[in-house]
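Here is a short briefing on one protein chain. Look at the model first, then read the points below.

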Amino acid sequence: QVQLQESGPGLVKPSQTLSLTCTVSGGSITTSYYAWSWIRQPPGKGLEWMGVKAFDGSTYYNPSLESRTSMIRDTGKNQFFLQLTSVTPEDTAVYYCIAMGAAGDDYWGQGTQVTVSS
C-alpha cells in the first residue's frame, strides 16, 4: 500500500515561496500506475486541485495557480515537491499530496497545515 507524508514549514511570510515535500513509500513515483497530485483546502472552503505530475514527469497545473506553481520530483529519494511563489494569506490551507491510481484507488497523505502570515 502506498503511503505519503507531507512535510514543510508551517508558517510562511507573505511574498515568500512555500516549499513542501511529499515522501512516498510502498510504491515508486515512476510507476505508470499512479499520478502524483497536490490538493489544498483553505479554512472553511472546499478542496482545490493544484496540479499533477504523471509517471513520465509531465506536469499539469490548475490554470488559476499555474503562474506561481512548480512541481518537481526526486526519483532517487522517491519524493515530489510543491513550490508556490509569492504567497499571500489566501494561500493559507491544509496541503495534501495524493497518489492517484489508474483504477481510482487513491491514497492521501495526512495533510500539512501552512499558514501565511507576517
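A nonpolar core is a set of buried Ala, Val, Leu, Ile, Met, Phe, Trp, Tyr and Cys residues joined through side-chain atoms within 4.5 Å. Buried means under 20% relative accessible area, exposed means over 50%, and partly exposed lies in between (1.4 Å probe, protein chains only). This is a predicted model: local features need pLDDT of at least 70, side-chain atom pairs count only at pLDDT 80 or more, and totals for chains, interfaces and linings use all residues. Residues are numbered from 1 along each chain as its sequence is written, and side-chain values use heavy atoms, without hydrogens and water.

**Confidence**

**The core**
- The largest nonpolar core holds 25 residues.
- L4, L18, W36, W38, F80 and Y95 have the most contacts inside this core.
- Two or more core residues come from each of β3 (18–25), β4 (34–41), β8 (79–84), β9 (93–101) and β11 (112–116). Strands are DSSP runs (E, at least two residues), numbered from the N terminus.
- Beyond its neighbours within four places in sequence, Y95 is in contact (heavy atoms within 4.5 Å) with residues including L18, I39, M50, L82 and V114.

**The open sheet**
- Four strands make an open sheet, ordered β1-β3-β8-β7, with antiparallel pairing. Two strands pair if DSSP finds at least two bridges between them.
- β1 (3–7) and β7 (69–74) are the edge strands, each with a single partner, so one side of each has no neighbour in the sheet.
- Six bridges join β7 and β8 in the antiparallel sense.
- I72 sits opposite F81 in β8.

**Strand β11**
- T112, V114 and V116 point to one face and are buried.
- β2 (residues 11–12) pairs with β11 in the parallel sense over two bridges. V12 has V116 as its bridge partner.
- β9 and β11 run antiparallel, joined by three bridges. A93 has V114 as its bridge partner.

**Aromatic rings**
- Rings of Phe, Tyr and Trp (its six-membered ring) pair if their centres lie within 6.5 Å; planes under 30 degrees apart count as stacked, over 60 as edge-to-face and the rest as tilted.
- There are six aromatic pairs by this rule.
- The ring centres of W36 and F80 are 5.7 Å apart and the planes are at 55 degrees, so this pair is tilted.
- W36 in β4 and F80 in β8 are 44 residues apart, and both are buried.
- Ring pairs join Y33, Y34, W36, W38, F80 and Y107 into a cluster.
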